[in-house]
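Me: I would like to go through this structure with you, one topic at a time. Shall we begin with the strands?

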Amino acid sequence: MPPSPRALTAAALLVAALAACASPAGHSRPEPSRTEAAAPSQRPAAPPGLPGMPPVLDAGDVYAADRPGKLSPAVKGFPSRVYVPNTNSNTVSVIDPATYKVVETIPVGNQPQHVVPSWDLKTLWVNNDLGDSLTAIDPATGKAGRTLDVSDPYNLYFTPNGRYAVVMASMDRELVFRDPRTMKVARTVPVDCAGVNHADFSADGRYFIVSCEFSGELLKVDTAKMKIVAQQKLPLQGAMPQDVKLSPDGSTFYIADMMAHGMWVLDGKAFTTPKLLPTGKGAHGLYVSRDSREMYVSNRGEGSVSVFDFASGKLTKKWHLPGGGSPDMGGVSADGKVLWLSGRYDAEVYAIDTTSGKELARIPVGSGPHGLAVYPQPGRYSLGHTGVFR
């Protein structure tokens, strides 16, 4: 049977993508009065959130719920595992992080791209892109369950109030809002950019920014209205935006770009032209540290990880994988000590010490490992992708 037109399109897009954190001397500070000492610290008020969204814990840090050990009761008893979707092998490799060994291989649908924690934290969804389906994995047992028919699920997100799943239907050129449990369609939003793939939500959850990989564009989407409210072309010929991540203070979005070899720094509210911060060749994935001070940037084209300090707005370190590699997507361990990344072109997974940058392990998996999920992780709910928790 000849391949479908969409399968041929996917192959062509894949080829294109591959090519491509003391007082002055002589002056002493007066002791605070009893009243001053007793006064509570003043924190900015949290912005009013999307209706139904869990209240923001800290207006200065959207990741305040993601500290080490802050596991939700919903994930109590779940074994710690790393789930690796192998796009060319049509499997998910399951790694025990304590031993750095693959303990199970789960057959799934055609071209699994990402393993995505559900909003309620109870399910892991495998995005079988060319298989037009989602396979559920029970993180309590690590076993696959039901498979649902869903067209072109390249990536998957959830609105902050948990009301909708949002499928990034890259080849269908759609954002599809669906019921988060049954995956029945609620609304389809056509897009006129190419390759919708990654996203992140504002601190108040009222809008989200989407990257369009193959046309080098960004979208701004009103969450409640399920409507695109702004669109812009990135100011670089051949730009190829990838992962999107919000700063802890909620003021800035960062967008990795594998052809610009860095991150775009965007004011999401104003949605003005972003500025480019070079990180390394093939910048791809963005992961926030457990203390919200740093962000790890995987540079797939040069086998390195850049470390970005939020307070200074600068890169402070770069870690190179011994012998190279192709670090792609992943996540941070629940205790914050290990960064896990897939080796997209090398059929392997990397475990990296987040203090020293030392490679702790290099684990063989299936072919084409992509959006791996470290699970469980701290947080009250999931916004999707490989694990964006708030």
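Me: Which residue in strand 13 does H198 stand opposite?
Reply: H198 stands opposite S211. Please bear in mind that this is a predicted model.

Me: Over how many bridges do strand 12 and strand 13 pair, and in which sense?
Reply: Strand 12 and strand 13, the latter spanning residues 207–212, pair over five bridges in the antiparallel sense.

Me: What sheet do they belong to, and in which order do its strands run?
Reply: The sheet is open and has four strands in the order 12-13-14-15, with antiparallel pairing. Its edge strands, each pairing on one side only, are strand 12 (196–201) and strand 15 (227–233). From one strand to the next, the twist averages 25 degrees.

Me: How many helices and strands are there in the protein?
Reply: The protein has two helices and 28 strands. Of its 390 residues, 56% are buried.

Me: Turning to aromatics, how many pairs does a search of the whole structure find?
Reply: The search finds twelve aromatic pairs. One of them joins Y375 and F389, with 6.4 Å centre to centre and 35 degrees between the planes, which is a tilted arrangement. This pair links distant parts of the chain, as Y375 is in strand 28 (residues 373–375) and F389 is in the segment after strand 28, 14 residues away.

Me: Are Y375 and F389 buried or exposed?
Reply: Y375 counts as buried because its relative accessibility is 1%, under the 20% cut-off. F389 is also buried, at a relative accessible area of 2%.

Me: What is the peptide bond from Y375 to P376 like?
Reply: The bond from Y375 to P376 is cis, with omega near 0 degrees. P376 is in the segment after strand 28.

Me: Which residues form an aromatic cluster?
Reply: Y164, F177, F201 and F208 form one aromatic cluster. As for a charge over a ring, K220 lies over the face of Y207, at 4.4 Å from the ring centre.

Me: Another topic: what is the phi of Q111, and where is this residue?
Reply: Q111 is not a glycine, yet its phi is positive, at about 55 degrees. Q111 is placed in the loop between strand 3 (101–107) and strand 4 (112–117). At 15% relative accessibility, Q111 counts as buried.

Me: And what of the phi of A347?
Reply: A347 also has a positive phi, of about 50 degrees, without being a glycine. Its loop is the one between strand 25 (338–343) and strand 26 (348–353). A347 is partly exposed, with a relative accessible area of 27%.

How values were computed. Residues are numbered from 1 along each chain as its sequence is written. This is a predicted model: local features need pLDDT of at least 70, side-chain atom pairs count only at pLDDT 80 or more; totals for chains, interfaces and linings use all residues. Side-chain values use heavy atoms; hydrogens and water are left out. Two strands pair if DSSP finds at least two bridges between them. Axes are lines fitted to C-alpha atoms, for helices over the stretch in contact, and angles run from 0 to 180 degrees between N-to-C directions. Buried means under 20% relative accessible area, exposed over 50%, partly exposed in between (1.4 Å probe, protein chains only). Rings of Phe, Tyr and Trp (its six-membered ring) pair if their centres lie within 6.5 Å; planes under 30 degrees apart count as stacked, over 60 as edge-to-face and the rest as tilted. A charge sits over a ring if NZ of Lys or CZ of Arg is within 6 Å of the ring centre and within 35 degrees of the ring normal.
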